[in-house]
Amino acid sequence: VIKENQRNHYKIFESSITEDFKEMLTIENELRRAIKQKQFEVHYQPQVDISNNQVIGFEALLRWKHPSRGYISPGMFIPLAEKTGLIIEIGDWVLREACRQNRKWHEKGYGPTKVSVNLSVKQFLQKDLVKKVRDILQESKLDAKYLELEITESMAMSNEAYIMDTLKGLRELGVNVSIDDFGTGYSSMKYLSQFPLSKLKIDQLFIRGEQKQNQAIVKSIIHLSHSLDMKVIAEGVETKEQLEFLKGEKCDEIQGFYFSKPVAPGKAERFFSYS
Ligand code: C2E
Ligand code: MG
Ligand code: MG
Ligand code: MG
């Protein structure tokens with residue numbers, strides 16, 4: 001009986017690996033098709049100046065409008081896109097699309113707002129990233145000061161000499177770089193103070209937690225940002241209480257469902273009446 005059981009276990013294990021693998025290949029193929037068939041969209045979530053409630057920018061968030069599965073969240077497919085290298089092509093498209101859209105809004109007389117674009121590890125480590133960003137800005141006629149790139153702590157804190165060069169190159173272009181999900185990774189305080197970074201984005205985890213410890217962390221990150229001459233934005237703000245706390249602590253900007261979920265570009269235009 002025991003033997004039988006073990007054999008069954010083995011079989012189940014083996015077949016689930018095959019299933020996972022098949023599933024992965026399917027999604028990979030579907031991702032390739034999605035690029036060709038233009039199934040990706042960029043949605044925009046407003047970033048608000050806490051002192052006057054003005055919309056000063058948007059985070060560009062990728063959406064996959066799958067023909068039969070509906071909207072698929074980036075958390076589901078970005079890791080696979082990263083693994084297969086498809087993220088480069090997809091990421092270039094997001095960057096181009098976000099710059100084009102923001103420029104279009106400026107031409108309509110809105111804003112001028114900034115647009116923040118998330119970079120994945122592979123994108124950030126591209127040797128020609130600075131040149132690529134420069135070309136896309138030129139092509140879309142967007143002034144560099146209206147583009148911000150978001151990287152994570154782990155991306156910034158690896159291979160520091162190389163990262164420093166890339167960050168300097170971006171800064172010379174006039175593009176700002178912020179650290180996303182700050183507080184969940186590992187940051188070297190040495191590099192945090194030396195790198196040309198413009199903003200820390202406090203991870204939603206600390207904003208949502210009601211405990212005293214989370215509030216202490218939020219206060220410290222706000223203080224740290226300002227001491228290092230950086231701006232600070234709180235992500236995932238959902239309630240008035242969270243907003244009031246952040247206002248009291250002199251956080252600069254907020255982003256979250258309290259103000260708005262990420263929306264399609266047409267819907268984002270209604271926020272311009274606030275700015
Ligand atoms: P992120 O850059 O930290 O983006 C913030 C995420 O939090 C977004 O999820 C946003 O919809 C969500 N969010 C914003 N406000 C609230 C709130 O008040 N409450 C809650 N519960 N959630 C909120 P989304 O759009 O699903 O994106 C997930 C992650 O996928 C992003 O996290 C980012 O790491 C990645 N991602 C999205 N678009 C891109 C992209 O174009 N390129 C790359 N490389 N990564 C992307
Ligand atoms: Mg982000
Ligand atoms: Mg984040
Ligand atoms: Mg995140």
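Glu235 is buried, at a relative accessible area of 6%. Buried here means under 20% relative accessible area, exposed means over 50%, and partly exposed lies in between (1.4 Å probe, protein chains only). The model is predicted, so local features need pLDDT of at least 70 and side-chain atom pairs count only at pLDDT 80 or more, while totals for chains, interfaces and linings use all residues. Residues are numbered from 1 along each chain as its sequence is written, chains are lettered from A and ligands numbered from 1 in the order in which they are written, and side-chain values use heavy atoms, without hydrogens and water.

Donors are N, O and S atoms within 2.8 Å of the metal (3.2 Å for Na, K and Ca); water is not among the atoms, so sites may look incomplete. Asp181 sits in strand β6 (residues 176–182), and Glu235 in the loop between β8 (231–234) and α11 (240–248). The pair is 54 residues apart and links distant parts of the chain. Helices (H or I, at least four residues) and strands (E, at least two) are DSSP runs, numbered from the N terminus. Asp181 is partly exposed, at 27% relative accessibility.

Next comes the magnesium ion (ligand 2). Its protein donors are Glu59 (OE), Asn118 (OD1), Glu150 (OE) and Asp180 (OD), at 2.0 to 2.2 Å. Their spacing reads E-x58-N-x31-E-x29-D. Glu59 belongs to strand β2 (residues 55–66) and Asn118 to strand β4 (residues 114–118), so this pair ties together parts 59 residues apart in sequence. Glu59 is buried at 3% relative accessibility. Asn118 is partly exposed at 28%. Asp180 coordinates both magnesium ions, ligand 2 and ligand 3, which are 4.0 Å apart.

A backbone N or O atom of Phe257 is 2.8 Å from a ligand 1 oxygen atom. A side-chain N or O atom of Asp181 lies 3.1 Å from an oxygen atom of ligand 1. A backbone N or O atom of Leu62 is 3.1 Å from a nitrogen atom of ligand 1. Alone, ligand 1 exposes 800 Å², and the protein buries 81% of that. Such accessible areas come from the Shrake-Rupley method with a 1.4 Å probe; for residues, only the protein chains shown count as cover.

Notes:
Polar contact = N/O pair within 3.5 Å; in protein donor to acceptor, adjacent residues only side chain to side chain.
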